[in-house]
Structure formats: C-alpha cells, structure tokens
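Have a look at the model first.

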Amino acid sequence: NFDKEEDYSQNTEISLRGLRDHVGLFNLGATCYQNSLLQQLFMNTRFRKFILEADVSNGNARQAQLVETQVLFANMQNTYCKAYDTWSFATRDGTQVNVQEDADEYFEALIGRWESQLGTTEAGQAMRSIFTGKLRHQTRPDCGHISDVLETFMTLPIA
C-alpha cells in the first residue's frame, strides 16, 4: 500500500522490481497453491487478456471475484513492486489463508466462480475454451473391434 508512510530504501518487500522481472505474490500463510495457480493463469496471455477485458459494468457484488481478479492481474502487469499483496483477492475468494488446499480442486472451483460471474453462457464457454482439450481413449482387443471414446478435459490426471 503506497498510502502508508514507509522507508522504501529499507523495506525490501516493497522495493522496485527490475524491468524484466515478474511480480511475485505474497504468501499469506498456506497460499502457495493459490499463488502458483494465479501466476500460471496470469502468464497465459490469452487468459489474462480475457479476464482484463471481461465486462464488469454491473459492478455489483455478484461479480466481486471477477473484479478482484482484474485488479490482481492489472497490478501483476503494471506495478513496479516486487510482490503484490493478495489479501483482498483471497478474502473475497473465501480462502482460509492458513489451510493448504489442492491446487486442481481450487482451479476447478475458481473457474466455476468466474464462469458464474461473467454474465452470459457464451462468455463462460469462451473462458473454458482457453483450457479445454480433448482426450481420446482407444482400446483394441484381440477381436479387432476398436473402442473409441473422446473425452473433454480441463486438467489431466497424472495417475
């Protein structure tokens, strides 16, 4: 927060970042899963552009998480600080900052929240299309019949 009087020469948390460096995110306790996901999503330029251009003209509480994401991404893109404080994003999100969560489950829940706040089904589908892929499962038993199943996914299970 720049409205506080602080000695910037001594405070390494708010010192300036290099021109080619990326903005970090403060870990609020056990929010490393959240920070790494948000940094990955931010680095996806197509998704970042989609979020920053999303219509939040209603400005109501129903779009609060989407607005917080726009503020977060705008600061990650434009601030000169080394790190950005995610407290407002996390508290709006309902994140318990001292509880570790599964990053994949958090991603699915966050996408769902953003989708519900975009306002139209088309906007939600456009957002999901950024991350959606298709996975083909084929089985060829000895009888020669090919079983072919095409499945839509947003994340790939490792197991």
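## Salt bridges and surroundings

Arg 128 and Glu 115 join their side chains in a salt bridge, 2.8 Å from N to O. That pair links distant parts of the chain, with Arg 128 in helix H6 (residues 121-131) and Glu 115 in helix H5, 13 residues apart. A salt bridge here means a side-chain nitrogen of Lys or Arg within 4 Å of a carboxyl oxygen of Asp or Glu.

This is a predicted model, so local features need pLDDT of at least 70 and side-chain atom pairs count only at pLDDT 80 or more, while totals for chains, interfaces and linings use all residues. Numbering runs from 1 along each chain as its sequence is written, and side-chain values use heavy atoms, leaving out hydrogens and water.

The whole structure holds four salt bridges, including these:

| Pair | N to O distance |
|---|---|
| Arg 128 and Glu 115 | 2.8 Å |
| Asp 93 and Arg 113 | 2.4 Å |
| Asp 148 and Arg 136 | 3.4 Å |

Asp 148 sits in strand S4 (residues 147-153) and Arg 136 in strand S3 (residues 133-139), so their bridge ties together parts twelve residues apart in sequence.

How covered are the partners? Buried means under 20% relative accessible area, exposed over 50%, and partly exposed in between (1.4 Å probe, protein chains only). Asp 93 is buried at 10%, whereas Arg 113 is partly exposed at 26%. Arg 128 is partly exposed at 23%, and so is Glu 115 at 26%.

Thr 31 lies in the loop between strand S1 (24-25) and helix H1 (32-43).

Key. Helices (H or I, at least four residues) and strands (E, at least two) are DSSP runs, numbered from the N terminus.
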